[in-house]
Amino acid sequence: MRELDVRRQSDSARRYLDLAAPSSALRTTLFLAAESVTYPVAAVNILDEHEQHTLISVGTAPPPPQPRSATPCDVVVRTGQPLAISDLPTRGYPQQPCVGTAAARSYIGIPLVGREGLVVGTLALVDVAERHTTEQALRRLVQFGSVLEEQLDLLRRVGPSRPQTDVYQLAVAIDEGQILPYFQPLVHLATGEVVAYEALARWHHPTRGVLPPAEFIPLAEDSELIIDLDLAVLRQAAVVAQRWRQTSPELRITVNVSGRHFEHPGCVDRIHDAVTASGLPPSAVSLELTETAAIAASPANVAFLDQLRALGFRIVLDDFGSGVSTLEHLVYLPCDGVKIDRSTAAALHTRSGAAVVRAIAGLAVELGKTVVLEGLETVDQAERALELGCMIGQGYLWSEPQPEDVLVG
């Protein structure tokens, strides 16, 4: 790595060291990654120019910063390639190579790329036993690494304070129609039929191109703009869905709705009007709620959910399996289904991952509710999800989110 690259990599890495406390979703992903290869210890390590910092770990407490050059994670960051070592002492590494585990012998490191496009750290796993790592296991861990990158980027965006001009620019974007819905299919796992499309916000920025949700959703959630953004996406998605239903009458759309809506009187009418202005009936719309814990805490919020369902909307509890939602919400909140978090899809083949999906799907089916598993990328994952009781799948196996003109073109 050239001197300039080292400096740039170090500058990018340091931006991840001032993050807010790691989320429970991040810890869950790390735990499932370790379970997928049956390693007892795993960590997210961030490497600046001189030191290695453990941001979060499972299986052991995070150690203090260590000299970067003494760790195999340094090799992963410098090369940008996964690394598996079956006998650390023969490679000249100390007994504490990545997370402070004494007498570690086996190591796996997966590079984690930061927002600036540079490798800032690793998903690191160690074991006291000598282990052989297969190419299949490495590919599986690379998938977990992709999930961790998204979660780290989200933490980075919600952590630092943002200039007020950013809020103003987002407000202008909403008013001028720069926030557009992209659509990703939801597929019936038994028949392969597309039963719905989820509308996902994308910002068509005038100078930066198409921005993903991680670039602006956290900013919107920090302000009242999330309400206007949700309604803008809902209105546009309803227009598209109404057009599609002329030839596919049973097709549905699902749209994310923040719990912030329920903090304001009239929220039910605003959501209803945003849909029906296009002529689309509420019965064709599923509203995905992410802040289920906050919603469940207020009787008024539960009443709003009852009102929305009475109008014909379906209510879906999002992000199950991420460590945030609980099965109790499925039992007591008025809802029609759940969506299992994408981090769980990468662990379907593991005992823990399968148990999570089986528990959620089993209870949901018993209660007469639908189950969606997002993040599916392979046929094997889709088949396993169906075996475990999931009815509907979503993910890159079928399509990435696309604008309407691409889907119908």
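In this predicted model, strands β1 (residues 41-47) and β6 (residues 119-127) are joined by six bridges. The two strands run antiparallel. Within this pairing, alanine 42 faces leucine 125 of β6. Both strands belong to an open sheet of six strands. Its order is β3-β2-β1-β6-β5-β4, and the pairing is antiparallel. The edge positions fall to β3 (66-67) and β4 (83-85). Each has a single partner strand, so one side of each lacks a neighbour in the sheet.

Two helices lie across the sheet strands. Helix α2 (residues 24-36) lies across β1, β2 (51-58) and β6. Its direction makes an angle of about 85° with β2. Helix α3 lies across β1, β2, β4, β5 (106-113) and β6. Relative to β6, α3 runs at about 140°. Helix α3 spans residues 72-79, and its buried residues are Pro72, Cys73, Asp74, Val76 and Val77.

On the α7 side, the contact is made by Leu231, Leu234, Arg235 and Ala238. On the α8 side, Arg270, Ile271, Ala274 and Val275 take part. By class, this contact has six nonpolar and two charged residues, with no polar ones.

How values were computed
Residues are numbered from 1 along each chain as its sequence is written. This is a predicted model: local features need pLDDT of at least 70, side-chain atom pairs count only at pLDDT 80 or more; totals for chains, interfaces and linings use all residues. Side-chain values use heavy atoms; hydrogens and water are left out. Contact means heavy atoms within 4.5 Å. Helices (H or I, at least four residues) and strands (E, at least two) are DSSP runs, numbered from the N terminus. Ala, Val, Leu, Ile, Met, Phe, Trp, Tyr, Cys and Pro count as nonpolar, Asp, Glu, Lys and Arg as charged, and the others, Gly among them, as polar. Buried means under 20% relative accessible area, exposed over 50%, partly exposed in between (1.4 Å probe, protein chains only). Two strands pair if DSSP finds at least two bridges between them. Axes are lines fitted to C-alpha atoms, for helices over the stretch in contact, and angles run from 0 to 180 degrees between N-to-C directions.
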